[in-house]
Amino acid sequence: METLVEAALRVLNTADPFEKARLGDSVASQWLNGTITLPYGPCLHLPVPDRPARLTHVKLVAPSQMPKLGRGGSLQSRQAMVHSLAHTESWAIDLSWDIIARFGKQEAMPVEFFTDFVKVAQDEGRHFTLLAARLKEMGSFYGALPVHDGLWDSAAATSDDLLARLAVEHCVHEARGLDVLPTAIVRFRNGGDEETAGMLERVVYPEEVTHCAAGVKWFKYVFLRSMGKGLDGDEEDGVVGKFHEVVRKHFREPLKPPFNEEARKAAGFGPKWYEPLAVKESKVTTATSTTAI
């Protein structure tokens, strides 16, 4: 019988993002309804790809060479914004399955860890499918515009450190999405695109809060476990201090305000987690580039 990690690897090795989302949804449903029962095989050692399979015809450029998205006033600008969001979600699918396959067994994570990120993966696949369909309705398609793969660059730089992966991908990049999505919703609405605004407002935005919450939850768990303590302990200052240390080591730039304090609070972390990281320190070890939605 196939384990969850084996199924996750099938998703990661699927190049077409539409099929990746469909397969991921199927695997997630099987895990959540109990058809897939084992997270991994204790004696089965499966290699995780350094880079997930991706379409080769989507033009990749450096983040600095990406064209400006505009402010949503024209159809072309709105197409570019939706294309960018769809691309981000396509990588979010891979990031969710990768953390399951790469770290779940290696770090002896509990079943709840697998379930949380299966739910995240399923959401991200749905987000990609909805955004790609909306893009088609707008007269474009996924792959019509250049993209960058900064999110995966960050994942590659944290491929051997679960704490770093949780901090950078799921507590920095995901949280940046919480900061910028409300502005994107307003821009779509002001541009007369209520359908896209409504989709982001009702589906994508609230679910992204839960994804960030998963990152915060498991960052706390992994750190406190390393200290021999449980999640119910009063160790908030220690967790926050470790978060600052990890982010400063693995993230190149200061975090960008303004911050969506309400959404971040709903995800489980208040200003003391991120406001000190908005100030550049002179001596910082850097490992990744700054990328976000």
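A108 is partly exposed, with a relative accessible area of 49% (buried means under 20%, exposed over 50% and partly exposed in between, with a 1.4 Å probe and protein chains only). The model is predicted, so local features need pLDDT of at least 70 and side-chain atom pairs count only at pLDDT 80 or more, while totals for chains, interfaces and linings use all residues. Residues are numbered from 1 along each chain as its sequence is written, and side-chain values use heavy atoms, with hydrogens and water left out.

A108 is not a glycine, yet its phi is positive, at about 50°. The residue sits in the loop between helix 3 and helix 4 (111-137); helices (H or I, at least four residues) are DSSP runs numbered from the N terminus. Another backbone feature is the cis peptide bond between P257 and P258, with omega at about 0°. P258 belongs to the loop that links helix 8 (236-250) and helix 9 (261-266).

Two packed helices are described by the angle between their axes and the distance between the axes. For helix 6 (residues 162-190) and helix 7 (residues 194-226), the angle is about 160° and the axes are 9 Å apart. Helix 6 is therefore roughly antiparallel to helix 7 (under 35 degrees counts as roughly parallel, over 145 as roughly antiparallel, 65 to 115 as roughly perpendicular and the rest as oblique). Axes are lines fitted to C-alpha atoms, for helices over the stretch in contact, and angles run from 0 to 180 degrees between N-to-C directions. The contact of helix 6 with helix 7 comprises 22 nonpolar, five polar and five charged residues (Ala, Val, Leu, Ile, Met, Phe, Trp, Tyr, Cys and Pro count as nonpolar, Asp, Glu, Lys and Arg as charged, and the others, Gly among them, as polar).

The second largest pocket has a volume of about 180 Å³. Its lining consists of 14 residues, and V5, L44, L46, A101 and K105 lie nearest the centre. A pocket here is an open set of points on a 1 Å grid over the protein atoms alone, where a 1.4 Å probe fits, with protein on both sides within 12 Å along at least five of seven lines; lining residues have an atom within 4 Å of a point. At least two lining residues come from each of helix 1 (4-12) and helix 3 (75-103). By type, the lining of this pocket holds seven nonpolar, four polar and three charged residues.

Some residues are separated in sequence but have C-alpha atoms within listed distances. V82, in helix 3, is buried at 0% relative accessibility. K59 is in the loop between helix 2 (17-32) and helix 3 and counts as exposed at 55% relative accessibility. K59 and A144 are 85 residues apart in sequence and 8.5 Å apart in space, C-alpha to C-alpha. G268 occupies the loop between helix 9 and helix 10 (271-274) and is partly exposed, with a relative accessible area of 33%. From G268 to C212 the C-alpha distance is 8.3 Å, and the two are 56 residues apart in sequence.

Terms used: Points joined across faces, edges and corners; volume = space filled by probe spheres on them.
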